[in-house]
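Please walk me through this structure as a series of selections in the viewer. For each stop, say what to select and what is found there.

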Amino acid sequence: MDRATRRLTAAVLIYLVGIIAVAFISYMLERQRYLEDIDARLYAAASNLPTLLPGDFHDIARTADAITPEQDSHNLELLTQHAKTADMTYIYSYVMVDGEIYFTTCNYTEADVKNDQVVTYWTDYPEGAQKYYDAMYATEPVYVTAGDRWGLFRTILLPLKSPGGLPYVAAADMDITVIEQALIDDMLYVFGFSLLLAFIVAPLIWAYHKTHSEMNTELRGLNHQLQDDIHQAKILEKELKQATQIAEDASKVKSQFLSNMSHELRTPINGVLGVNQLLLETDLDEEQREFTELSAHSAQILLDTVNQILDTAAIEANGLVLRPEVIDTQIFFNNLSKMFSAQAAAKKLDVVIYLDESIPQHLEFDAVRLRQVFINLIANALKFTSIGGVSVSVHWRNGELSAEVRDTGIGIPPEAQQSVFEIFHQIDNSHSRQHDGNGLGLSIAQKICELMSGRLCLEHSSPEGSLFSFSVKTPAVSHDTIPRLPLSENSSVLCVTQSVLLKDWFEKEGQGNIQVLASTEILPLSEAKYLLVDQEIPGIDWSDLIHRCQQSSVKLVGLMFAGQHLDKGIEQHVQLMRKPLTRQQLATIIE
């Protein structure tokens, strides 16, 4: 058998396999379409069964003699009429006692009467498929295609409970024997038509075979030319590899140089910061102190830039090594919140961190690097936000810690969103941009997430704010989760704030046990034990609040930014709670 004949034989075999596959797929798709329609009708029929029987029927029908023959006969007639109306073969219900299935009611057909196989009350069903038993404990409908002594049926098993709370199953059957045969006939029709089509196409295949032979000679010539082109491509590939190796060597030298220079720069900058701090501790006039503080601020910005450049160089040179350790999760996030006290107070922005109840008490991760990711994202969000604030939601699942950082800032322009994680990228690269930064924070955070087997991405951004999300691998050390607030329905905590972020945070942390109000005018103090008042609400009369709380024996707490204070005569009656708020602060207050 020559090569052309072998190819033709292979083509015929492939065609035959193809038409068999098409016929089978056609059969399966059509069968699925029929079953979906049948299942919908079965569900409707089975759902109506409880309305046809007495309300407490399945509470009573639990023993062999619980239902009289007259009652059973009446139920059979009702279900028989319903089955005819719904075009069902059988509609019935059953219970399970001592691991055995017993029919409690069922309709009958003319064939059942003729064959003396009418199902009466407490008829057992030992040949039922396993799904009939499993349906008693299911939480959603179970569909079965199976045959028994009554025929081949598509069946729905709808698990229900009686008014007394006892489980039973409402079921409906439809005979699908005729449908199955019709589908098989259709499949055979498709197969036969495809064979007929093959005989029609055979002359075209022969013509193609002749044309192929004539073109074969020309293709051999083209093949020689292609071999020459491949040889030239291999030469170019070799040259490209050499150029790539040279570029990689140059990149390593650059990274090493950058790392060394960053180390050399940090020492004198730390010296400048130290001298500035010493100067600030001396007796300076107002102008000298202003200049010294400006110098310290500039040196700190320069040090931050050098540190980020050092991290970037270490990552590029594969020099960044993770040092995981066991971390107390709640302490980690409490300390993280405190780091933004000054920045949030300066711009009067709220920063809230919500910890989901799924987070374990102790996780294993590199605290320094994960803290760096949070700091870069939160600091970046605060930098570009002037009204509102930043909310952080933290979750843990299957060894992975995930977080979402959402702000109410100016957003990122669409044309800049694709390159926001690039090194040295700035949304505004002009010399007059309003916000400080070197464009390294997001790039470093993304690479740290990748080193921790995770990812960091920008979910969306608009003029109303941005949302960043990230996830990292953090295996749990214990099964204990972080403690929730010691709140109950009797805790009676009132909070007055107009901040949307604080309102959401209190509602999540309080799990419905903290009532949040927008004004101090109407306060249900008679029902409260603690009153938390946000200092940012305009026009607060603290003296009046103190008087009202003392009359009602309510503990008054003021929510304030770092550096904010009340008059001395007022502050001695108000306990202060500093923003950003943490679960630990709130727990200390209400304990």
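Start at Ser 453, in the loop that runs between α12 (441–451) and β12 (455–462). The model is a predicted one. Ser 453 is not a glycine, yet its phi is positive, at about 60°. Its relative accessibility is 48%, so Ser 453 counts as partly exposed, the cut-off for exposed being over 50%.

Next, select Asp 98, in the loop between β1 (90–97) and β2 (100–106). Asp 98 also is no glycine and has a positive phi, here about 55°. With a relative accessibility of 77%, Asp 98 counts as exposed. As background for both stops, most residues other than glycine have a negative phi.

Which kind of peptide bond joins Lys 579 and Pro 580? The bond is cis, with omega about 0°. For orientation, Pro 580 sits in the loop between β18 (575–578) and α16 (583–590). Most peptide bonds are trans.

Now turn to helix packing. Two packed helices are described by the angle between their axes and the distance between the axes.

Select α8 (residues 329–338) together with α10 (residues 367–383). Their axes come within 11 Å and cross at roughly 40°. At that angle α8 is oblique to α10, because angles under 35 degrees would count as roughly parallel and 65 to 115 as roughly perpendicular. The crossing of α8 and α10 is right-handed. To see the contact, show the side chains of Phe 332, Phe 333 and Leu 336 on α8. On α10, show Ala 367, Leu 370, Arg 371, Phe 374, Ile 375 and Ile 378. Colored by class, the residues of this contact come out as eight nonpolar, no polar and one charged.

What are the angle and the distance between the axes of α10 and α12? The two helices pack at about 145°, and their axes are 9 Å apart. The crossing of α10 and α12 is left-handed.

Conventions: Residues are numbered from 1 along each chain as its sequence is written. This is a predicted model: local features need pLDDT of at least 70, side-chain atom pairs count only at pLDDT 80 or more; totals for chains, interfaces and linings use all residues. Side-chain values use heavy atoms; hydrogens and water are left out. Axes are lines fitted to C-alpha atoms, for helices over the stretch in contact, and angles run from 0 to 180 degrees between N-to-C directions. Helices (H or I, at least four residues) and strands (E, at least two) are DSSP runs, numbered from the N terminus. Angles under 35 degrees count as roughly parallel, over 145 as roughly antiparallel, 65 to 115 as roughly perpendicular and the rest as oblique. A crossing is left-handed if the near helix is turned anticlockwise from the far one by less than a right angle, and right-handed if clockwise. Contact means heavy atoms within 4.5 Å. Ala, Val, Leu, Ile, Met, Phe, Trp, Tyr, Cys and Pro count as nonpolar, Asp, Glu, Lys and Arg as charged, and the others, Gly among them, as polar. Buried means under 20% relative accessible area, exposed over 50%, partly exposed in between (1.4 Å probe, protein chains only).
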